[in-house]
Amino acid sequence: MAHNSSMDKFVSSIGITLDRFITQKQADFSSARGELSQLLRDIGLAAKVINKEIMRSGLIGIEGPAGDKNVQGEEQQKLDVVANIRYIRALTRGGEVCAIVSEEEEDMIDTGNHNAKYVVAMDPLDGSSNIDVNMPVGTIFSVYKRVTPVGTAPTLEDALQKGSEQVAAGYVIYGSSNILVYTTGKGVNGFTYDHSIGEFILSHTHIDTPADGNIFSYNEGNIEDCDEQIKKYVAHCRSKKMTARYVGSLVADFHRNMLKGGIFFYTGTKKNPTGKLRIMHECNSLAFIIEQAGGKATDGTQRILDIQPTSLHQRVPLIIGSPKMVDALLSC
Ligand code: P6P
């Protein structure tokens, strides 16, 4: 049948879905047999479910504290607990993950999938205290290949791996729109959730972060507690009349800075001498992503990705963003 161009507006392409993109990119990995692809799809599924619950949180009584504290001693929000259960269930049932390290769980979870090749470390819902005030929140995840033999029970050795060992990393930002951003080491791509068809559609192809920027993200409430280097850098930012932007939700601050250029830093304070952010659940993932986008991530002395984690909930100072801004802070 001849194609009538007047119909074009009714048959425009929906774009590339996350599923199709993952399958297409699977060809990049000769050894890939689809397990990592399935794992990424499982994360995408859980993200869709969590997104639905966040969008309606004020209507279904799921807002506010769960009445418990997590292993960090932080007030758990109901949605922290829900997101943790949803992601653990999706990854366990997906069958591709033998172990999960969650910010909301004191110990590593053995999923029972002992023939699975992968381990996932994640913060199921970062910044959840912002939900009740309708600020953006996020999920952050890292994927590692297990180091113990397939077919055996996973051990801590499978979990405590350097960030440089990640095979994939990503985050979901539940904000004015919902975007899943991930890398498998061949660039960073973002997918915007189309609620009308329930699909993540490729929207940010091969993200490169600007080499320099004008945005600095730091909780200046800590300025009296921090070391001289940070004080000098903040003074430098002020002298240059840079823009201070701090949402208090790591994924939101990171995502904005990666796209526009900028620097986020959360270093040691008297309250948190090694910083507040966790290397396994937050820092390794974002460090992998920012380096793939041309940026830098350091703890002030070494690459985040070179740090050998020694405990599941280890905190590290995090300085991350445009390379010239990170270098400027380090030279203070
Ligand atoms: P502060 C949220 O609780 C979080 O873990 C990150 O999302 C965020 O960047 C940071 O803590 C904010 O911490 O101490 O500035 O409130």
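These are my notebook entries on a predicted model, taken up topic by topic.

**Entry 1. Domains and their interface**

I began with the domain assignment, which divides the protein chain into domain 1 (18-204) and domain 2 (215-330). Taken over C-alpha atoms, the centres of the two domains are 22 Å apart. I then looked up the contacts and found 49 residues of domain 1 in contact with 32 residues of domain 2. Between them, domain 1 and domain 2 bury about 3000 Å², with 62% of that area on carbon and sulfur atoms. On the side of domain 1, Ile140, Leu160 and Tyr171 lose the most area to domain 2, together 20% of what that side buries.

I next turned to the polar part of this interface. The count is 19 residue pairs in polar contact between domain 1 and domain 2, with both residues at pLDDT 80 or more. I noted which elements of domain 1 give two or more residues to the side that touches domain 2: strand E3 (97-102), E5, E6, helix H4 (156-159), strand E7 (166-174) and strand E8 (178-183). The largest share of that side, eight residues, comes from E7. The rule finds one salt bridge across the interface.

**Entry 2. Arginine 278 and its partners**

I looked up the charged partners of arginine 278. Its side chain meets that of glutamate 103 in a salt bridge at 3.0 Å, N to O. Arginine 278 also forms a salt bridge with glutamate 282, where the closest N and O atoms are 3.5 Å apart. I therefore record Glu103, Arg278 and Glu282 as linked in a network of salt bridges.

Are arginine 278 and glutamate 282 buried or exposed? Arginine 278 is buried, with a relative accessible area of 2%, and glutamate 282 counts as buried at 0% relative accessibility.

**Entry 3. Helix H7**

Glutamate 282 belongs to the buried residues of H7, and I examined that helix next. Among the buried residues I list Met280, His281, Cys283, Asn284, Leu286 and Phe288. After H7 comes glycine 294, which has a positive phi near 95°.

Threonine 184 is found in the loop between E8 and E9 and is buried, with a relative accessible area of 17%.

**Entry 4. Salt bridges of helix H2**

I counted salt bridges by the rule, and the count comes to 13. One of them joins the side chains of glutamate 35 and lysine 117 at 3.5 Å, N to O. This pair links distant parts of the chain, with glutamate 35 in helix H2 (residues 35-55) and lysine 117 in the loop between strand E4 (109-110) and E5, 82 residues apart. Glutamate 35 counts as buried at 12% relative accessibility, whereas lysine 117 is partly exposed at 22%.

I also noted a salt bridge between the side chains of lysine 48 and glutamate 199, at 3.8 Å, N to O. Lysine 48 lies in helix H2 and glutamate 199 in strand E10, so the pair ties together parts that are 151 residues apart in sequence. Lysine 48 is partly exposed at 23%, and glutamate 199 is partly exposed at 24%.

**Entry 5**

I followed glutamate 199 into its strand. Strand E9 (residues 188-194) and strand E10 (residues 199-204) pair in the antiparallel sense over five bridges. Which residue is the bridge partner of aspartate 194 in E10? The partner is glutamate 199. The hairpin has four residues between the strands, and its glycine 198 takes a positive phi near 65°.

**Entry 5. The open sheet**

I traced an open sheet of five strands in the order E12-E11-E13-E15-E14, with mixed pairing. E12 and strand E14 (296-298) are the edge strands, each pairing on one side only. Strand E11 (residues 215-217) and E12 run parallel and are joined by two bridges. Isoleucine 215 has threonine 243 as its bridge partner in E12.

Most residues other than glycine have a negative phi. I recorded asparagine 134, with a positive phi of about 60°, in the loop between strand E5 (118-126) and strand E6 (137-145). Asparagine 134 is exposed, with a relative accessible area of 71%. I also recorded lysine 241, with a positive phi of about 50°, in the loop between helix H5 (228-239) and strand E12 (243-244). Lysine 241 counts as exposed at 70% relative accessibility.

Notes. Residues numbered from 1 in each chain as written. Heavy atoms only, no water. Pairing = 2+ DSSP bridges. Buried < 20%, exposed > 50% of the residue type's maximum accessible area, 1.4 Å probe, protein only. Domains from an automatic or database assignment. Contact = heavy atoms within 4.5 Å. Buried area = accessible area lost by both parts, 1.4 Å probe. Salt bridge = Lys/Arg side-chain N within 4 Å of Asp/Glu carboxyl O. Polar contact = N/O pair within 3.5 Å; in protein donor to acceptor, adjacent residues only side chain to side chain.
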